[in-house]
Amino acid sequence: MMRIITGRARGTHLYTLEGETTRPTSERAKEAVFSMLQFELRDRAVLDLFAGSGQMGLEAISRGASRAVLVDASPKAIDIIKKNVVKTHFEQECTVLCADYADVLRAHRAGMPERFGLVVLDPPYAKR
């Protein structure tokens, strides 16, 4: 079972999608990433593409990021992400988008005003 490792929502267990369509980032990998970034998160905006359950963006918020944009193309994943945002009480800090990652990146290049201090990409294995 996935959980938020530390910070404001420490220990909160997260909902996940059934089956193998969405492959969650392992807790060990997540801990390694955030151990490296721990002093770089404070007050930064995070873009989590291929968000799945939202765990990476939510972990960043829990550790001090100012906000997160959680993006996934799957409506089922979006439902899970929204449940996890509510469960962690991060509704004010999160924006959840059901969109293709490429469309979001194109919008950003075309003048999306938001700047991100961290971009998380953890695409499915089968993604071309």
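# Reading the contacts in this model

User: What makes R3 and E27 a salt bridge?

Analyst: Happy to walk through it. In this predicted model, the closest N and O atoms of R3 and E27 are 2.8 Å apart. The cut-off is 4 Å between a side-chain nitrogen of Lys or Arg and a carboxyl oxygen of Asp or Glu, so the pair of R3 and E27 at 2.8 Å counts as a salt bridge. The two residues are 24 apart in the chain: R3 sits in the segment before α1 (27–37), while E27 belongs to helix α1.

User: Why are R3 and E27 called partly exposed?

Analyst: R3 has a relative accessible area of 28%, and E27 has 29%. Buried means under 20% and exposed means over 50%, so R3 and E27 both fall in between.

User: How do you know that R44 and E40 meet in a salt bridge?

Analyst: The N to O distance between their side chains is 3.7 Å, which is within 4 Å, so R44 and E40 qualify. R44 is partly exposed at 35% relative accessibility, and E40 is partly exposed at 43%.

User: What about R63 and E59: are they buried or exposed?

Analyst: Both R63 and E59 are buried. Their side chains form a salt bridge with an N to O distance of 2.7 Å. Salt bridges that share partners connect K30, E31, E59 and R63 in one network.

User: How many salt bridges are there by this rule?

Analyst: The count is 7.

User: Which residues form the aromatic pair, and why is it called tilted?

Analyst: The count of aromatic pairs is 1, and the partners are F50 and Y101. Their centres are 4.8 Å apart, and the limit for pairing is 6.5 Å, so they pair. The angle between the planes is 35 degrees. Stacked needs under 30 degrees and edge-to-face needs over 60, so 35 degrees makes the pair tilted. F50 is in the loop between β1 (45–49) and α2 (55–62) and Y101 is in helix α4, so the pair ties together parts 51 residues apart in sequence.

User: What makes K83 sit over the ring of Y15?

Analyst: The charged end of K83 is 5.9 Å from the ring centre of Y15, and the distance limit is 6 Å, so K83 meets that part of the rule. K87 also lies over the face of Y15, at 4.6 Å from the ring centre.

User: How do you know that D100 caps helix α4?

Analyst: A side-chain oxygen of D100 lies 3.0 Å from the backbone nitrogen of A102, at the N-terminal end of α4 (residues 101–109). After α4 comes G111, with a positive phi near 120 degrees.

User: Why are β3 and β4 called edge strands?

Analyst: The open sheet has 4 strands in the order β3-β2-β1-β4, with parallel pairing. β3 (94–98) and β4 (118–121) each have a single partner strand, so one side of each lacks a neighbour in the sheet. From one strand to the next, the twist averages 15 degrees.

User: What makes β1 and β4 a pair?

Analyst: They are joined by 4 bridges and run parallel. Pairing takes at least two bridges, so β1 and β4 qualify with 4. Within this region, V46 stands opposite L118 in β4.

Definitions and conventions
Residues numbered from 1 in each chain as written. Predicted model: local features only at pLDDT ≥ 70, side-chain atom pairs only at ≥ 80, totals over all residues. Heavy atoms only, no water. Polar contact = N/O pair within 3.5 Å; in protein donor to acceptor, adjacent residues only side chain to side chain. Buried < 20%, exposed > 50% of the residue type's maximum accessible area, 1.4 Å probe, protein only. Phe/Tyr/Trp six-rings, centres within 6.5 Å; stacked < 30°, edge-to-face > 60°. Lys NZ or Arg CZ within 6 Å of the ring centre and 35° of its normal. Axes fitted to C-alpha atoms, helices over the stretch in contact; angles between N-to-C directions.
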